[in-house]
Amino acid sequence: MQLRDANLRKLQGQSFDVLVVGGGINGASSAAALSGKGVSVALIDRGDFAGSTSMHSSNLVWGGIKYMESGDFALVRKLCQSRNHLIRSYPSTVREIRFLTTINRGFRHHPLVPWAGAWLYWLMGNAFTRRPHFLKPSAIKAREPVIDVASALGGFEYSDAYLYDNDARFVFNFVRGALDYGGVAANYVEYLDARREGDLWVTQVRDRMTDATFEIRSRVLINAAGPWVDALNQRAGQHTQHQHVFSKGIHLIVPRLTDSKRVLAFFADDGRPFFVIPMGQRTCIGTTDTRVEQPDVETTADDIRFVLDNINKRLALAKPLGESDIISTRCGVRPLAVKAAQGEERDFLNLSRKHAIDLDADRRHLSIFGGKLTDCLNVGEEVVEVVKGLGIAIPFPTQRWYGEPAAAVREAFMQQARLMNLDALTSAQAAEPLSQRLWRRYGTQALEMLEVIRQDVRQAEVLIEGTEYLRVELEQARHREMVTRLEDFLRRRSKIALVVPEKSIRQSPGLREACDILFGDQADLRLEEYFAASGESHREAGTAGPVSLGARQA
C-alpha cells in the first residue's frame, strides 16, 4: 500500500497538466503516452485499473475480420496495422494465433465466400501473418477432432493475435509505464464532480478505501471512464457529439477442451461469431452480444444456456458441457460509440468498436468513446496530439512510450538466467520456462528479481498451489503493482481467479502467506473481504459457485 499512499499525497499536493479519469485501456494508454512524452499526468479509477470492460475481453488482438462483411474496410485496415504493430512491439505478450473457422449448412454464405474474405483480410494486413487456407470437412476433423463436422460444408484457417497473459495485466502494464515515466496514479479513487476555476479544472474525488475526499487540480481533464463516460459528462456539464450504447458479452471458462493452441471459430445459432479460445489448462468459450441499457451487468441463466447450447452443438465432446463444468465467468459491456444525433436510427449489431475523441477546446476537456485493446497505441498517440493542440507543452514529442525493452536488455537478462540455471527451477506444471515468464511479465524489473532469487532460492517457489506465481512475484506485486484488494491480484494482476476454482483458492495453504506479503497486518481483512464479495456474487447468480475439475494452471 506504500505506493498508493505516496501517490494519494501527490494527487493532493501537486497541480497537473492532465488528469485522466478512468484506468481502462483508453485511460491507461493515454496516461502512458502523455507521461512518456514528459507531460505531468495524474490517473485515477473508482475501482481497480482495468476493473470493468478491459478485464472481460476475449483476450484477442485482432484486425476486425467481422467488419469485412459490413464493408468497413478502412477500419479493418487500421485495426490490422494496429495488430501488426502490437505484435512487433510486444513479441513476448502479443502473439500470432491461428483461427479455424467452420461453416455449417444454413449459414448465410457458402464457405468459399468467407474464405475469399480471409484472403482479402490477410492482404489488408500487409500479409504480415501466415496465409489463410481453405479446409474441407475432413481436413477440419483431421486438425481438430473435437469439432463435430456432421453439418459442416467446409471452413478456413487464418491468423490474428492473442494476449499470452490476461487482458487486465496488459492494461496494467500501461499504468505501470505511466508511473515509471513520472506519472501519478491511484486506484479506488472515485470522481465526484469537477468545476472550472480560471484556467484549471478542480476535480473533487473520494478515496474509497477511507472515505476521505480531496481535490485534484489540472489544466486538462480527460474523461476515459469507459462505459461511464456519459454519466461523468453529465456531472461536469459537458455536451458531446458522441454517446455510448452497450452490448453485453459473456465468456465461460471451462476445463481445456482441446490440446491445440488455436482458436476455434463458429457462427452461433443467431449468426454471430462464437469462439473456443485456449487459456493454458483452460478453455474460454463465448461470446454473447446482447443490447443493454446500462453498463452494470451480470451473467444470467439465459446467457449461460446460450453459450453451453451453442458449444455442445458444435463440438463432439464425450460428455456435453454443463453448468457444473464452469470454473468462472467473464461478463461485461462493450461501450459502442455512436453519434448522439443518430438517436435510435442505427443497426445495433453492425456497430463497430472504433473509438472517438470529443473535444471541448474552450474548457480543455476530452471524452474518449468506444475503443478496444487492439487500437490502444493509436488512442495514446491521438490523445497526445489533442493535448498538444490545447497548448500543453510536450517536452519529448518523439519519445517511444510503449513496447518491450530493447533486445540487448533481454539478452542480458537471459544470459544471467542461463548462468544461474534459472529454468531448472521451473515448476513441473508450468506452461513455459521460468526465464520466459519473468521476462514477459516484468521486463527490466526481472533483472532485479534474478538477484532476489540468487540470494534466496525459496523466492522461486510457487506460493499458491495450482498456479505459477512465485514468492518473488508477490513481493514485486506488493511494491510495484498497487494491489489494494485481494481481487486486484487474483483477478487482474494475475488470472488465478479465472482459471482456479474458488474452492481450491480457499484451500490453498499458500494463500495466507500471499496475503501476508501483499497486505501485512491487513491480511485477515482482505481475505474476509474477498470471500464475502465472492459469496455474494454467487448468491445473486443463484449458483453455489464453480467446482474443482482437475488440473489447474494460472
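Q: How many cavities of 30 Å³ or more does a search of the whole structure find?
A: The search finds 4. Keep in mind that this is a predicted model.

Q: What volume does the largest cavity have?
A: About 60 Å³.

Q: Switching to cysteines. How many disulfides does the structure hold?
A: It holds 0.

Q: Does Cys 376 count as buried or exposed, and what is its relative accessibility?
A: Cys 376 counts as buried, because its relative accessibility is 1%.

Q: And Cys 515, buried or exposed?
A: Buried, with 0% relative accessibility.

Q: What share of the 554 residues in the protein do buried residues make up?
A: They make up 56%.

Q: Now strands. In which sense do S8 and S9 pair, parallel or antiparallel?
A: Antiparallel, over 8 bridges. S8 covers residues 189-197 and S9 covers residues 200-207.

Q: What sits between S8 and S9?
A: The two strands form a hairpin with 2 residues between them. Gly 198, in the turn, has a positive phi of about 65°.

Q: Which strand do 6 bridges join to S9?
A: That is S10, residues 213-223, and S9 and S10 run antiparallel. These two also form a hairpin, with 5 residues between them. In that turn, Asp 211 has a positive phi of about 75°.

Q: Which residue in S9 is the bridge partner of Arg 195?
A: Val 202. Val 202 also stands opposite Arg 217 in S10.

Q: Zooming out, how many helices and strands are there?
A: The protein has 18 helices and 18 strands.

Q: What box do the C-alpha atoms fill?
A: Roughly 70 × 60 × 50 Å, taken along the principal axes.

Q: What radius of gyration does the protein have, and what would a compact globule have?
A: The protein has 23 Å. A compact globule with 554 residues would be near 24 Å, so the value agrees.

Definitions and conventions:
Residues numbered from 1 in each chain as written. Predicted model: local features only at pLDDT ≥ 70, side-chain atom pairs only at ≥ 80, totals over all residues. Heavy atoms only, no water. Disulfide = S-S within 2.5 Å. Buried < 20%, exposed > 50% of the residue type's maximum accessible area, 1.4 Å probe, protein only. 1 Å grid on protein atoms, 1.4 Å probe; cavity = no way out; pocket = protein on both sides within 12 Å on 5 of 7 lines; lining within 4 Å. Points joined across faces, edges and corners; volume = space filled by probe spheres on them. Pairing = 2+ DSSP bridges. Helix = DSSP H or I, 4+ residues; strand = E, 2+ residues; numbered from the N terminus. Rg over C-alpha atoms; globule rule 2.2 N^0.38 Å.
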